[in-house]
Amino acid sequence: MSDSTFEARPKQQHHFDLNFGKSIMALPGGEDLYRCIQCGTCSSTCPLSAYMDHTPRRIIAMTRAGLKDDVLASNTIWLCSSCYSCTVACPKQIRITDVMYSLKRRAIQTRRFSVGPVAALARAFIASVLRTGRSNESRIIVRTWLSTQPFELVRQAWLGLRLWLKGRLSLRRHRMTGSARDIPKLLRNLHEPPTFNRKA
Amino acid sequence: MHYLYYPGCSLKATGKPYEESLLAVFRALGIDVDELKDWNCCGATTYMGVDEVQAFALAARNLALAERQASGAAVVAPCNACYLVLNKAQHYVSEYPDIRKRVTRALKVIELEYCGDVNVRHPLDILVNDYGIERIGQEVKQPLAGLNVACYCGCQIVRPYSTFDDQHNPQSMERLLRAAGANVIDWPLKTRCCGAALTGTIPTAGTGLSDLLLKEARRRGANTIATCCPLCQHNLECYQAEGRGESGTLVQTPVVYFTQLLGLALGLKPKSLGLKRMLIALQPPAQATRAVL
């Protein structure tokens, strides 16, 4: 794994998108974004802060300031493992994990994939669910590595073999007992422009 | 006591020993479970980061199936991620009318209906709060003497929707394994992230996190780690050898499911608990070594 993922990127953005913060606030879970007092509790509880190029506190400040490109290009949103430490620790009850999800979705929508393997994993995961209704971790991780870091396949071959011998790894697809076609059918019928008003 | 069992994808693959031991323990205690028919993937954390409403719809399909199969029965979700996603979907579907409208409409297309009264619970919750610690204590046949256990809950079971235990210092697993005769060590990292899927995607970060947990558990004298999530177990067990050459210590700490330890205490056979499937064999409890393992 090269360390390029973790290089802190200098701020490059010269123009500000002043509606960026508002647009994130409008998404479910982001309602309290503007209550942030920049205390840094999220950054100190986040187990992944050390690997991020911007800590969660800084991401919130940058989002509100409109540094859209810097936020969406950061590795922070991809490194978040959704452990919810920040969400429960936040003194202002901001659902920071959900804000991270919103930012990640925005990055995907604008086709910015700053951490390749995480995006590749998501791609493989969704392909698996759409096809069979279930996910098979072994297949997903093999596909992820094939498309991004094939060397990992070699490095982890021994672990894979040991797991296989113990009956814990299988490349066979797991299928739903009923019709897996229900899943794409279900997901297709969700789409309609969202507004997301919170219940009064 | 009757429950619907939602295994989730992991328990059918890398987490197979969890399913085996969970069902064996439930059978031994007379807790009745039926597998949810035709269940699908809960969406996990990955789907949430790609399309939130789709993630909630995937979860809601399972909840709707549960309502249809056994109305009023609680759903047992042993995987932390499934447990969180199913709970989160319920919160969001009831909190945001727009999400509810879209999910309900899409479910109708596949002839399902979700009313919103499914109780999603973790096996720990059921064992501790429904069955009861005292009753489990009475059932213990072979106390787990000699095991210094670090109880690791992981993140998504108590955060952010903690319904049965404390968010910062959960005690359910400790109480359960103490009743099973184990020596439970005190450690502060029991809800810190194990690295989740990052062990596969960005190994530097992922194994960094799991390594830290292992080091601290060992430093505090643990010789076994008990987990309640298939991904936590995988991360702590499978990447143990990595990055440890530097520290010089070469002990391997078995990482097992809490149901496996409980099953041993209840006198069940190690094979029926999936203990043969572990990469690092569990050190046999000091007492009755031959009889147990």
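1. A word on conventions to begin with. Residues are numbered from 1 along each chain as its sequence is written, and chains are lettered from A and ligands numbered from 1 in the order in which they are written. In this predicted model, local features need pLDDT of at least 70 and side-chain atom pairs count only at pLDDT 80 or more, while totals for chains, interfaces and linings use all residues; side-chain values use heavy atoms, with hydrogens and water left out.

2. Let us start with chain A as a whole. Its secondary structure comes to twelve helices and zero strands (helices are DSSP runs of H or I with at least four residues, strands are runs of E with at least two, and both are numbered from the N terminus). Of its 200 residues, 50% count as buried (buried means under 20% relative accessible area, exposed over 50%, and partly exposed in between, with a 1.4 Å probe and protein chains only).

3. Chain A exposes about 9800 Å², and carbon and sulfur atoms supply 56% of this area (areas come from the Shrake-Rupley method with a 1.4 Å probe; for residues, only the protein chains shown count as cover). Among contacts in chain A with a separation of 6 or more, 68% are between residues 24 or more positions apart (a contact means heavy atoms within 4.5 Å).

4. Next, salt bridges: the structure holds 19 of them over all chains (a side-chain nitrogen of Lys or Arg within 4 Å of a carboxyl oxygen of Asp or Glu). One of them joins A:Arg112 to A:Asp69, with the closest N and O atoms 2.9 Å apart. This pair links distant parts of the chain, 43 residues apart: A:Arg112 sits in the loop between α7 (96-109) and α8 (116-132), and A:Asp69 in helix α4 (residues 68-73). A:Arg112 is partly exposed at 24% relative accessible area, and A:Asp69 is partly exposed at 28%.

5. In chain B, have a look at B:Arg61 and B:Asp38, whose side chains meet in a salt bridge of 2.7 Å, N to O. B:Arg61 lies in helix α3 and B:Asp38 in the loop between β2 (32-35) and α2 (44-48), so the pair ties together parts that are 23 residues apart in sequence. B:Arg61 is buried, with a relative accessible area of 1%, and B:Asp38 also counts as buried, at 16%.

6. There is also a salt-bridge network that links A:Glu31, A:Arg95 and B:Glu95.

7. Helix α3 of chain B (residues 52-69) also holds B:Gln69, which is partly exposed at 28%. B:Gln69 and B:Leu36 are 33 residues apart in sequence but 7.4 Å apart in space, C-alpha to C-alpha. Leaving aside residues up to four places away in sequence, B:Gln69 touches B:Leu4, B:Asp34, B:Glu35, B:Leu36 and B:Lys37.

8. A:Arg131, A:Arg143, A:Arg173 and A:Arg175 gather in a patch of positive charge (Lys and Arg count as positive, Asp and Glu as negative, and His and the chain ends are not counted; a charge is placed at NZ of Lys, CZ of Arg, CG of Asp or CD of Glu). A:Trp158, A:Leu161, A:Trp164 and A:Leu165 form a nonpolar patch with about 520 Å² of accessible area together.

Terms used: Patches are made of residues with over 30% relative accessible area and no salt bridge: like charges are joined within 9 Å, nonpolar side chains (Val, Leu, Ile, Met, Phe, Trp, Tyr) within 5 Å.
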